[in-house]
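Me: I'm new to reading protein structures. Could you walk me through one?

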Amino acid sequence: MKNKINPESHNPNNDIPNSLYDAKDISNLECMPILTAMEDGFIIWDMNNKIHYINPSFERLTGYSLNDLINKNINDFIPHWFRNHEFEKALRYFQFVMKKDIMVPERFTITRKDDYSFPVRLFAYTITDKNTNTPYLAGIIKDITEVNLLEITLSESERKFKNIVEASSDIIFTTDTLGTVTYISDLIDRVSGFNFEDCAGKMFMSLLPASEINNFIKTYSEAVKNHSRIENYKLKIKRKDGTVFDALINMVPIRKNDKVTGMQGTMRDITEQESIKEKERQLIDDLSFLSMTAMGFVEFTPGRDIYYFIGEQLKKLVDNSYIIVNSFSESSNTYFVKAILGMERHLHVIQNIFGGEVIGKPVDFNSETARRHLLTRKLIQIKEGLQGLSFQHMPESVYKTMDKILDTDEIYAIGFTNREKMFANAIILLKKGAKLKNKDVIETFARQASIVLQRRFVEDALRLSEERYRMLFNSSSDAILVYNLKASNTPSTFININDITCKMTGYAREELMNMSPSDIINSGDMEKDLKNLSDFNNKDHIIFESTIIAKNKARIPVEISSHHFILDDTPIVISIVRDITERKKSEKEKGQMLSHLIQSKKMEAISVLAGGLAHDLNNLFSGIIGLTDLLIEEMNKDNPHITDIEEIRANVIHGTNLINQLLLFGKKNIMEFKRTNPNICVKEMMKALKKYMGSDITIETILSEDIWDINADKASISQVVMNLLLNARDAMPNGGKITIQTENKIVDKITTGTKMENEIKPGKYIYLSLADTGIGMEENVCERIFEPFFTTRGMEKSSGLGLFVVYGIIKNHEGYIKVNSKPGSGTAFQIYIPAFLEKSDEKKGDTFTSNIPGKENKRVLLVEDEDIVRKVAKRILQKNGYTVFEATNVREALNVFEMEGGNFNLLFSDVVLPDKDGFYLANKITSERPDIKVLLSSGYANDKIQDNVIKEKGFEYLSKPYTQDELILKLDKLLNN
């Protein structure tokens with residue numbers, strides 16, 4: 001009989017040697033060495049159940065020797081080997097094998113000779129003796145004790161995994177490389193409404209809303225491609241009802257033979273967590289606010305207004321509101337207004353309503369219930385609105401007016417109390433549309449403020465409770481250090497530090513707790529810091545600045561606020577360390593800005609001073625100059641006093657020039673801007689000053705022949721050249737060289753190098769440089785060189801206005817000036833003035849003669865409020881043949897004009913008059929007599945002097961002081977035209 005092998009059970013698990021399948025009969029001895037050497041047991045018996053062969057492994061496995069079994073009936077042993085239900089199973093198995101003649105493996109539990117039972121896998125099959133053609137049964141017994149244990153372990157693992165999956169709060173799923181769901185736990189049904197059948201075999205992306213798909217596909221593809229994880233990926237997942245929920249996805253690659261075959265992941269519904277996080281963030285913000293206010297209270301100095309501070313903190317909590325903080329007077333049982341915030345725009349109106357300053361006025365509640373409620377430190381709503389409050393019982397009309405002004409909607413009040421005694425309260429007036437939030441925080445803040453106010457009233461000292469200190473300690477944005485003080489007032493190791501200390505220094509908590517302040521404070525500051533600590537002998541609170549050295553050697557500027565107290569007879573210090581890096585940077589920038597501001601204010605002050613003095617002085621100078629002109633003209637040329645009078649006149653003119661220099665800087669004079677060649681100004685001024693420069697000074701000029709024109713007041717530019725030349729001369733007492741250069745420059749971007757200027761604007765400029773080989777200047781002198789009255793030569797030798805005027809003239813021409821100088825290396829002034837590149841359409845001025853026929857018929861209305869100026873001007877005009885009518889103000893002038901029927905050829909008026917200005921008078925008269933000429937005069941040009949109006953109206957202008965010749969020439973020219 002041939003062996004028949006079931007294909008489905010062919011050599012399962014490699015348990016049967018392939019060579020046995022070729023055994024044709026029992027007499028085949030070729031396989032005997034294999035049977036002898038194989039680890040599995042092997043037995044042969046005939047159809048009469050007589051045992052013919054067992055191999056050594058069979059003896060080892062069963063405990064029965066060859067002598068025990070050879071020629072014995074196998075049925076005598078089957079009951080011993082296969083017990084209980086296994087016996088019947090074995091008989092059926094052997095019958096099946098003989099009947100079907102196929103090889104089928106089966107599991108059994110067999111018992112050894114020593115009664116030890118163990119699991120086996122039995123392979124029984126039929127074989128024949130080729131010589132006798134006798135059929136036999138053969139069996140291979142394999143000990144599967146270890147396999148069975150592995151299977152049990154695997155089954156237990158699968159059971160545990162299933163339990164874990166079912167118990168997990170996360171949805172567990174697997175996908176293939178394309179994103180198809182191959183497994184998903186049952187939790188998906190409870191979370192989304194989809195079950196396993198809805199998801200299996202479908203793309204994972206089908207669970208996502210359209211807005212999430214593209215980003216997830218990109219992330220998923222990159223993870224599969226790069227064999228990488230997807231960690232903490234937040235996205236939206238659809239529910240079966242169409243809604244979505246927030247989910248957190250984590251996925252890892254599934255690998256087989258170093259290839260990614262898919263991804264295994266977890267999905268967590270974090271909708272509630274996100275809501276909790278938002279609440280946590282709000283809680284953190286609230287705690288941060290409360291900790292900062294607590295810090296403010298801790299560091300509160302006696303000089304500060306505690307009520308205004310309370311109002312400031314409430315204003316931060318309540319947007320779009322007005323805050324009123326009131327103190328409570330127990331003696332009068334009345335509240336008094338201490339601070340008002342948010343009403344700045346309306347405060348003057350409210351002050352009018354209350355008849356003056358509101359601060360200090362009494363305020364009361366009409367409702368006794370509300371007053372009692374304030375003792376609970378709970379936020380209460382004043383249902384009656386503003387009518388529920390009263391300032392000295394104002395009438396209802398006042399509240400309606402205030403309601404209209406303030407546009408309030410709801411009013412709340414909160415008390416600051418120890419639940420028995422009232423210290424203060426706050427009124428919160430919400431603007432319309434505003435909603436009150438952070439009610440709990442406001443109430444917590446009220447408790448904070450109540451503690452501070454109570455200590456303020458009771459003992460003028462602050463001590464936070466342990467709970468409040470712990471909250472402050474854990475949530476403070478500043479580093480907090482707690483340590484003992486040794487007998488020498490030097491710090492010992494830290495008792496405690498907060499988390500921000502670790503973050504600030506870079507040290508771990510364990511490291512810091514073995515250190516002291518001396519280990520993290522810059523050693524260069526230690527002597528100073530120890531001196532500060534020694535001050536604890538006289539005070540229990542000190543504030544000083546120092547430097548923290550971080551673990552990475554970074555230097556951090558800090559402000560240390562240290563509090564000293566005794567605990568159990570041990571001196572304890574709590575130091576609050578604040579990083580002031582940004583504050584230092586801000587202070588530096590603020591200092592620079594303040595320097596600029598002070599400089600600007602100085603110049604503005606001198607400008608205001610010049611304008612204020614100019615009018616009176618120039619009026620005075622006009623009278624003096626006019627009188628000297630008249631005296632000189634009327635006196636005999638041989639009169640010895642003429643020289644004295646001319647000296648008086650020269651000194652007055654010198655004083656006039658000083659005033660004009662100030663007015664040039666302050667833009668108080670009227671400049672006549674025309675197209676001007678800067679080279680001409682340089683040449684003319686060099687010629688004029690040649691005799692003043694000295695023989696030991698040489699001047700070299702490098703003037704560009706094609707220099708661009710500038711739009712300038714020629715006299716002012718000439719004065720710039722004159723002042724710089726004289727300044728260079730004085731800087732070279734032993735002689736030297738001055739180099740003047742002009743050239744055209746196109747500027748992209750350049751810094752002037754002075755603190756007075758920002759960067760020069762790009763454009764086309766003419767460049768004027770004046771350099772000397774003199775003694776030079778220190779940097780601090782260069783920084784002040786353009787200040788008014790600043791001089792290095794002493795006020796007895798210099799007015800200190802020369803370079804100040806230069807600066808003002810250049811500024812009035814929209815130009816820039818800088819100075820470069822070093823001691824012993826000379827000084828160079830560099831000037832940039834915008835080029836004037838438009839085509840010139842100027843016309844040559846008309847010529848005129850001062851000999852006007854019929855001058856005695858020319859009638860002049862002279863208006864001047866200064867007596868001496870008016871009298872001198874009248875004498876000059878009459879002396880030169882004009883008929884003069886005088887007035888001291890606009891009203892008188894209009895009366896004279898009306899009385900004379902408007903019969904005037906010219907109006908000569910001061911601009912600044914007691915009642916109205918000269919412009920008003922000129923406009924009034926010319927509106928009735930357009931043919932009347934107008935000449936305006938003033939000692940300085942303030943905001944009433946409008947150059948464009950003068951030109952537009954066709955008026956003429958004459959600056960004070962003026963000479964007799966200047967006045968007559970101006971009148972003759974005006975009337976001649």
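Here is a short chat about helix packing, nonpolar cores and cysteines.

Reply: First, this is a predicted model, where local features need pLDDT of at least 70, side-chain atom pairs count only at pLDDT 80 or more, and totals for chains, interfaces and linings use all residues. Residues are numbered from 1 along each chain as its sequence is written, and side-chain values use heavy atoms, leaving out hydrogens and water.

Me: At what angle do helix α10 and helix α11 pack?

Reply: Two packed helices are described by the angle between their axes and the distance between the axes. Here α10 (residues 271-298) and α11 (residues 306-317) pack at about 170°, with axes 12 Å apart. Axes are lines fitted to C-alpha atoms over the stretch in contact, and angles run from 0 to 180 degrees between N-to-C directions. Helices are DSSP runs (H or I, at least four residues), numbered from the N terminus. So α10 and α11 are roughly antiparallel (angles over 145 degrees).

Me: Which residues of α10 and α11 make the contact?

Reply: Contact means heavy atoms within 4.5 Å. Phe289, Thr293, Gly296 and Phe297 of α10 meet residues of α11 including Ile306, Phe309 and Ile310.

Me: Which residues touch the most other members of the largest nonpolar core?

Reply: A nonpolar core is a set of buried Ala, Val, Leu, Ile, Met, Phe, Trp, Tyr and Cys residues joined through side-chain atoms within 4.5 Å; buried means under 20% relative accessible area (1.4 Å probe, protein chains only). The largest has 38 residues, and Leu724, Leu725, Ile738, Phe786, Ile817 and Ile831 touch the most other members. Apart from it lies another core of 32 residues, with Phe289 among them.

Me: How many disulfides are there?

Reply: A disulfide is a covalent bond between the sulfur atoms of two cysteines. The rule asks for a pair of cysteine sulfur atoms within 2.5 Å, and the count comes to zero. Cys681 is buried, at 0% relative accessible area, and Cys502 is buried at 15%.

Note on methods:
Buried < 20%, exposed > 50% of the residue type's maximum accessible area, 1.4 Å probe, protein only. Helix = DSSP H or I, 4+ residues; strand = E, 2+ residues; numbered from the N terminus. Parallel < 35°, antiparallel > 145°, perpendicular 65-115°, else oblique.
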